[in-house]
Amino acid sequence: MAKMQAVRYHDISCGHRVVGHEGKCRHLHGHNYRIHFYCEANSLDDVGRVIDFSVIKEKLCMWLENNWDHKFLAWNNDSLMSGIHYSVNNDDDQTQADRQHFNESIVWVTFNPTAENIANYLLETVGPEELHGTGVTLVKVVVEETAKCSVDCSI
């Protein structure tokens, strides 16, 4: 049987900064990301599918929507972001609601949030967790930062 993949993409808006970047990307900025998920199974289901597209949406696209959309990915080793976090959480003039809003807006990640590391995290961490028990494997993730620039990460 031919190898088949079910593919679905999802668009999110998300901010980041690339620590150590030699150009503009070292600054706080954001992208309208388009993220493609490529799923494979050892065999087709009884209907003749790798997986229903709605399951990819429910498991992977909604994970993006709920966890990263309209948020800022900050590397937990980024001294700039750590300084901002410390300042926000120790400023007596801010309301508790302002602090909470700031903290809900930042997603602390264990990697420098390059497109490559984002794709790898989705492929190796999020995919296996979200697709557990479906009999389907996430085998490739493509992260488009812009219409001209993308990263392809696959197993």
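Predicted model: local features only at pLDDT ≥ 70, side-chain atom pairs only at ≥ 80, totals over all residues.
Let me begin with the overall picture. The protein has 155 residues, and 37% of them count as buried. There are four helices and six strands. Reading from the N terminus, the order is β-β-α-β-α-α-β-α-β-β. If you put a box around the C-alpha atoms along the principal axes, you get roughly 65 × 35 × 25 Å. And if you take contacts between residues at least 6 apart in sequence, 68% of those join residues at least 24 apart.

Now the strands. E2, residues 29-41, runs antiparallel to E5, and eight bridges join the two. If you want a place to look, find His36, which stands opposite Val142 in E5. E5 then goes on to pair with E6, residues 150-154, again antiparallel, with five bridges. Those two strands make a hairpin, with five residues between them. On that side, the pair to look for is Glu144 opposite Ser150 in E6.

On to the helices, and I'll take H1 to start with. How does its length come out? H1 covers residues 53-67, which is 15 residues, so at 1.5 Å a residue it should span 21 Å; the end C-alpha atoms are 20 Å apart, which agrees. There is a bend in H1, though, of about 35° at Cys61. Cys61 is also one of the buried residues of H1, along with Ile56, Leu60, Trp63 and Leu64. And what covers them? The cover includes strands E1, E2 and E5, plus helix H4.

That takes us to H4, residues 115-131. H4 has a kink of about 35°, centred on Leu122. Leu122 is buried, and so are others in this helix, among them Ile118, Leu123, Val126 and Leu131. The buried residues of H4 pack against E2, H1, E3, E5 and E6. After the helix comes Gly133, with a positive phi near 85°.

Next, a residue I'd like you to click on: His16. His16 sits in strand E1. Is it buried or exposed? With a relative accessible area of 1%, His16 is buried. Its side chain has a polar contact of 3.2 Å with the side chain of His31. A polar atom of the His16 side chain also lies 2.5 Å from the backbone oxygen of Pro113. Leaving out neighbours within four places in sequence, the residues in contact with His16 include two further histidines, His27 and His29, as well as Tyr33, Phe72 and Glu145. For a sense of scale, take Glu129: it is 113 residues from His16 in sequence, and the C-alpha atoms are 24 Å apart.

Another one to click on is Asp78, in the loop between strand E3, residues 71-75, and helix H2, residues 79-89. It's a loop residue, but at 2% relative accessible area Asp78 is buried. What does its side chain do? A polar atom of it lies 3.0 Å from the backbone nitrogen of Leu80. Further off in sequence, beyond four places, Asp78 is in contact with Arg17 and Val19.

Last topic, cysteines. How many disulfides are there? The count is zero. Take Cys14: the nearest cysteine sulfur belongs to Cys25 and is 14 Å away. Cys14 is buried, by the way, at 5% relative accessible area. Then there's Cys149, where the nearest cysteine sulfur is again that of Cys25, this time at 8.8 Å, and Cys149 is in no disulfide either. Cys149 comes out as partly exposed, with 43% relative accessibility.

That's my tour, and I'm happy to go back to any of these residues on the screen.

Note on methods:
Residues numbered from 1 in each chain as written. Heavy atoms only, no water. Disulfide = S-S within 2.5 Å. Buried < 20%, exposed > 50% of the residue type's maximum accessible area, 1.4 Å probe, protein only. Polar contact = N/O pair within 3.5 Å; in protein donor to acceptor, adjacent residues only side chain to side chain. Contact = heavy atoms within 4.5 Å. Expected span 1.5 Å × (residues − 1). Bend = angle between axes of the 7 residues up to and from the residue. Pairing = 2+ DSSP bridges.
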